[in-house]
Number of protein chains: 2
Amino acid sequence: MTTKPAARPGRPRDEATHRAILRAANRLLHEAGYGGFSIEGVALRAGVAKTSIYRRWPSKGALLLDLYMEGLAPAALEPSGKKVRQAFAAYLNQTVERLKDAGWSNTLRSLVAEAQNDPALARLVRDKVIEPRRADGRRLLEHGMKTGEIRKNVDIDITLDFVFGAIWYRLLLGHAAVDEAFARRVTTALFKRIGNDLPMP
Amino acid sequence: MTTKPAARPGRPRDEATHRAILRAANRLLHEAGYGGFSIEGVALRAGVAKTSIYRRWPSKGALLLDLYMEGLAPAALEPSGKKVRQAFAAYLNQTVERLKDAGWSNTLRSLVAEAQNDPALARLVRDKVIEPRRADGRRLLEHGMKTGEIRKNVDIDITLDFVFGAIWYRLLLGHAAVDEAFARRVTTALFKRIGNDLPMP
DNA sequence: CATAAACGATACGATGCGTATCGATAATAA
DNA sequence: TTATTATCGATACGCATCGTATCGTTTATG
């Protein structure tokens with residue numbers, strides 16, 4: 001049962017306006033990057049009044065966060081039937097694939113930059129972006145410990161800091177590409193270390 | 001031989017003004033964080049005209065970068081006589097010690113945030129902050145490979161991404177503290193993996 | 001004494017955030 | 001039908017800040 005719009009009095013929000021804003025925001029991040037990203041620019045490109053944006057999102061950062069949540073596919077970081085190593089590789093490949101899109105990487109970079117100014121946004125980023133991923137990763141590693149694929153004495157928190165940290169580090173500091181080769185090397189390096197060296201079946 | 005000020009014509013730059021600006025900037029980053037950091041605020045607190053700041057630094061980001069370079073101690077990440085593991089631990093402890101200072105961590109967070117807007121600054125950050133540290137780390141790991149302390153088949157680049165990435169990740173996303181416990185766990189996790197498990201002498 | 005550059009003070013243009021106000025429009029409720 | 005209510009686009013505003021320009025003053029060199 002999809003909850004009906006609740007039928008409040010007054011003119012309802014135009015769903016098309018909502019989508020137009022997100023589309024325009026994405027396009028602007030593609031073309032101009034974070035430096036050229038502004039609410040007023042989004043309004044202009046969406047053919048929408050600035051008011052209509054601020055009616056939906058309380059701040060620039062909130063819009064960026066929604067922009068991230070919007071394009072979010074269900075996490076591949078789950079202990080399906082696959083081996084833990086395969087699940088990790090799949091997650092990394094999916095992440096890398098997404099980050100090849102300039103709009104997407106700009107969204108994330110902008111979100112973090114904005115969060116440095118805005119403690120409330122920083123909290124939201126942790127709660128909606130960082131922690132869910134860490135929870136997935138933690139669950140996967142614990143699953144691997146049960147199956148024997150992961151050593152018992154691995155420091156899970158630090159391992160997650162290594163993997164996610166490497167991605168954010170490359171994304172935000174830009175010293176090297178976040179690409180397929182990177183994904184492969186991370187997986188290899190990780191499992192050369194935390195793996196239990198089981199013979200491949 | 002310290003190169004004398006070159007004795008150009010005209011009134012020389014006041015060295016005290018220079019220091020007053022850096023001190024005020026540091027203080028402002030302590031008190032107000034990145035959100036409250038502005039060139040005009042620095043000028044006010046330094047008792048200096050805004051002009052005198054822009055005469056020395058072309059942009060806000062350039063000032064932040066100099067603020068970082070200013071407090072920079074010589075890197076502890078060097079293959080002195082010590083074991084590689086000890087050198088790593090020393091570097092991490094030094095880093096953590098510095099990042100406990102709010103002004104210092106604000107400087108770095110602000111620098112990265114600013115660099116997301118400013119490609120020229122991003123380049124400078126890579127050249128002056130990121131790459132020198134990576135070069136130190138790389139040298140240390142290669143040294144360890146020669147002494148047998150580090151396995152030969154370790155992926156150095158990815159290892160550096162893990163270690164530095166974990167630090168930046170915690171610093172910028174703020175999901176967990178960058179403290180002594182973190183430093184210890186990183187060292188342990190790292191050498192549990194890349195170490196050659198030599199018996200301790 | 002002439003030249004040249006830094007100094008503080010101040011004003012300025014340009015952006016961009018987020019708020020406020022407007023009449024018009026599209027829905028519900030009586 | 002009519003009253004109410006919320007959204008719509010448009011526009012103006014206050015505010016902060018960046019970075020530039022200008023000016024008279026000060027401190028150095030030649």
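Welcome: of the 26 residues around DNA strand C, those that come nearest are Ser38(A), Gly10(B), Arg11(B), Ala49(B) and Ser52(B), where near means a C-beta atom, placed from the backbone, within 6 Å of the strand. This is a predicted model, in which local features need pLDDT of at least 70 and side-chain atom pairs count only at pLDDT 80 or more, while totals for chains, interfaces and linings use all residues. Residues are numbered from 1 along each chain as its sequence is written, with chains lettered from A and ligands numbered from 1 in the order in which they are written.

**The surface near DNA strand C**

- Helix H2 (39-46) and helix H3 (50-54) of chain A, and helix H3 (50-54) of chain B, each supply at least two residues of this surface; helices are DSSP runs of H or I with at least four residues, numbered from the N terminus.
- Its residues divide into eight nonpolar, eight polar and 10 charged.

**Two packed helices in chain A**

- Helix H4 (residues 60-70) and helix H6 (residues 102-115) of chain A pack at an angle of about 145 degrees, their axes 9 Å apart. Axes are lines fitted to C-alpha atoms over the stretch in contact, and angles run from 0 to 180 degrees between N-to-C directions.
- By class, the contact of H4(A) with H6(A) has seven nonpolar, three polar and two charged residues.

**A look at Glu70(A)**

- Glu70(A) lies in helix H4 of chain A.
- Glu70(A) is partly exposed because 13 other C-beta atoms lie within 10 Å; buried takes 20 or more, exposed 12 or fewer, and partly exposed falls in between, with C-beta atoms placed from the backbone.
- Leu22(A) is 48 residues from Glu70(A) along the chain, and their C-alpha atoms are separated by 8.6 Å.

Technical notes: Nonpolar A, V, L, I, M, F, W, Y, C, P; charged D, E, K, R; others polar.
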